[in-house]
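Here is a walk through the packing inside one protein chain. Please keep the sequence and the 3D view open while reading.

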Amino acid sequence: MMRIDSHQHFWKFSADEYGWMKPDWPIRRDYLPTDLRPELQACGLDGCVAVQARQTLEETRWLLELADHFGTVKGVVGWVELCSQSTQEQLAKFAGNPKLVGVRHVVQDEPDDAFMRRADFRRGIGKLRQFKLTYDILIFPRQLPAAIALVQEFPDQPFVLDHLAKPGIKDGTLSPWREQFFELAKSPNVMCKVSGMVTEAKWNAWKADDFQPYLDAAFEAFGPDRLMFGSDWPVALLAARYAGVYALVHDYVAKHHPAAEAKIFGLNATRFYRLSDT
């Protein structure tokens with residue numbers, strides 16, 4: 001069994017391409033597979049899934065190039081223009097590389113909370129299945145109603161929710177996130193990444209107990225067969241070291257769901273993304 005970090009990023013930093021990073025953030029530097037490898041090894045992880053951080057076709061090409069050169073990069077969630085008339089051609093260009101396992105759009109930054117209900121976006125989603133590609137849902141809680149409608153419309157398309165939809169951990173807010181989170185989980189074609197939590201908490205001032213209501217909800221809603229660990233490194237470094245992010249999830253699983261450890265830390269991600277140990 002491979003042990004997998006199902007969600008992390010690589011970049012060569014430039015202020016123009018990563019304008020979402022605030023000037024005082026310490027992550028405004030390059031992060032590459034050679035930087036991640038010792039973190040994976042220290043936590044007993046065999047590999048990772050690299051997820052897009054730029055909305056360009058060049059991002060997809062570059063991540064696939066990294067995956068071809070570094071064996072720890074087991075899969076790539078890239079980006080294509082899902083709202084374009086040329087979505088099919090773009091997918092065909094990249095889909096020949098077996099390391100391309102899915103795509104993502106940064107829906108959380110779209111001003112329209114119903115963006116995922118747009119006809120052109122839904123047409124793009126409808127192209128993924130023929131290429132056996134998954135879709136990562138990156139949203140804020142207010143966008144959950146649109147996500148619920150999307151996954152119900154495409155019951156044969158595999159989806160995974162990133163970062164539990166970014167609930168209000170900092171303020172301890174549960175509702176209406178919890179109710180809508182459970183509604184999304186009713187669709188069996190959706191999985192969830194246990195990731196991105198520390199940056200939704202009080203940076204560098206969080207306690208493990210802050211996350212328990214959200215972790216409890218994740219396991220109750222999705223169950224151990226539809227959850228996977230993700231570090232969200234290096235974004236997570238804003239609030240914790242890599243080992244701290246790993247320990248947060250690992251300690252919770254060891255205490256509350258010890259029989260699920262192999263699934264959460266590898267089996268589910270390997271199955272969902274069709275990862276290969278080559």
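What follows goes from the nonpolar cores to the helices.

The model is predicted: local features need pLDDT of at least 70, side-chain atom pairs count only at pLDDT 80 or more, and totals for chains, interfaces and linings use all residues. Residues are numbered from 1 along each chain as its sequence is written, and side-chain values use heavy atoms, with hydrogens and water left out.

A nonpolar core is a set of buried Ala, Val, Leu, Ile, Met, Phe, Trp, Tyr and Cys residues joined through side-chain atoms within 4.5 Å. Buried means under 20% relative accessible area, with exposed over 50% and partly exposed in between (1.4 Å probe, protein chains only). The largest such core has 86 residues, of which Phe10, Met116, Tyr135 and Phe181 touch the most other members. Another core lies apart from it and has 13 residues, among them Ile4, Val77, Met228 and Leu275.

Leaving aside neighbours within four places in sequence, Phe181 is in contact (heavy atoms within 4.5 Å) with residues including Leu144, Leu161, Cys192 and Phe222.

Helices (H or I, at least four residues) and strands (E, at least two) are DSSP runs, numbered from the N terminus. Trp177, Arg178, Phe181, Phe182 and Ala185 in H6 meet Tyr214, Ala217, Ala218, Glu220, Ala221 and Phe222 in H7. Helix H6 (residues 177-185) and helix H7 (residues 212-222) pack at an angle of about 25°, with their axes 9 Å apart; axes are lines fitted to C-alpha atoms, for helices over the stretch in contact, and angles run from 0 to 180 degrees between N-to-C directions. H6 and H7 are therefore roughly parallel to each other (angles under 35 degrees).

In helix H5 (residues 144-153), the buried residues are Leu144, Ala146, Ala147, Ile148, Leu150 and Val151. These residues pack against helix H4 (119-125), strand E5 (134-137), strand E6 (159-161), H6 and strand E7 (190-194).

Terms used. Parallel < 35°, antiparallel > 145°, perpendicular 65-115°, else oblique.
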